[in-house]
Amino acid sequence: MDTDNNKSFITAEKAPKGIEIKTSKRFGGFSQKPYDSLNMGYFTGDEITNVVKNYYYYQNISNTYNIVTLNQVHGNQVLEVNHNNAAEILFSKADGLFTSEYNLPLGVITADCLPVMIAGKKCISSLHCGWRSLNTGIIDNSFKLFEKYQDTPVYAYIGAGICEKCYEVRDDLVEQLNPLYKPNEALINKGQGQYLLNMKKLATNALIYNGLNIDNIEITDYSSCCSEGFYSYRKENGKTGRMVTTIQRVVK
């Protein structure tokens, strides 16, 4: 695990051979406060020229080129992307990407929500998992695309997002959580209608519900709100930058 806070990205440790998963940190870019400095979010209010320069810098240092990202809307739609339609898919309103092609990095933009990366033997998928997307089955929809391509997920990575110590929710949200994902296992009742929600556990349960073995799920220890070097929407009161997490199947 990368513990050097001056590094501009971290990587998954247990990804299968040929699968690269990386998450940017907030160091080394061009954005000014409160987006300082490696803001990868185009829809944050930051100067677009700074974000563009951040992408040029990040893609060069991480060797991750032509990243496809979305204009995320907290939904459950997963779009199929390939080298021919990547420019058309870029910035579409959706929250998941799926491809069967090599050397096509699929990106998720986060600042507390979870990046969930899934790899099969032939295909990969990147998912933006806030509680709404998880709740309405974005992981289920991704698994259906693997099935469409006669593939089966063999590995998933749950990246840096808000931790259970920082994510306080009320009972009205708790009552909406999808029972298929065993939300009681992800909740701590603080009393007076307040709970702490463990999103990584909720995402894990959703992956297990869809047939992935717990031994094939890698969960990072990093927290967007507690670990140094990450953006947190909640901690920074909504005015902040974003990380990008990418997955790609590579041919060297």
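Rings of Phe, Tyr and Trp (its six-membered ring) count as a pair if their centres lie within 6.5 Å; planes under 30 degrees apart are called stacked, over 60 edge-to-face, and the rest tilted. By this rule, there are nine aromatic pairs. The model is predicted, so local features need pLDDT of at least 70 and side-chain atom pairs pLDDT 80 or more, while totals for chains, interfaces and linings use all residues. Residues are numbered from 1 along each chain as its sequence is written, and side-chain values use heavy atoms, without hydrogens and water.

**First selection: Phe43 and Phe91**

The ring centres of Phe43 and Phe91 are 5.6 Å apart and their planes stand at 85°, so this pair is edge-to-face. Phe43 lies in the loop between strand S2 (19–24) and helix H1 (48–62), and Phe91 in the loop between helix H2 (86–89) and strand S4 (96–99), so the pair ties together parts that are 48 residues apart in sequence. Helices (H or I, at least four residues) and strands (E, at least two) are DSSP runs, numbered from the N terminus.

Buried means under 20% relative accessible area, exposed over 50%, and partly exposed in between (1.4 Å probe, protein chains only).

Phe98 belongs to strand S4 and Phe146 to helix H4 (residues 138–148), 48 residues apart. Both Phe98 and Phe146 are buried.

Two strands pair if DSSP finds at least two bridges between them. Strand S9 (residues 168–170) and strand S11 (residues 194–197) are antiparallel, with three bridges; Val169 has Tyr195 in S11 as its bridge partner. Strand S10 (residues 187–191) also pairs with S11 in the antiparallel sense, over four bridges, and Gly191 stands opposite Gln194. S10 and S11 form a hairpin with two residues between them, where Gln192 in the turn has a positive phi of about 55°.

How many of the eleven residues of helix H6 (residues 199–209) are buried? Eight of them are, including Met199, Leu202 and Leu207. After H6 comes Gly211, with a positive phi near 110°.
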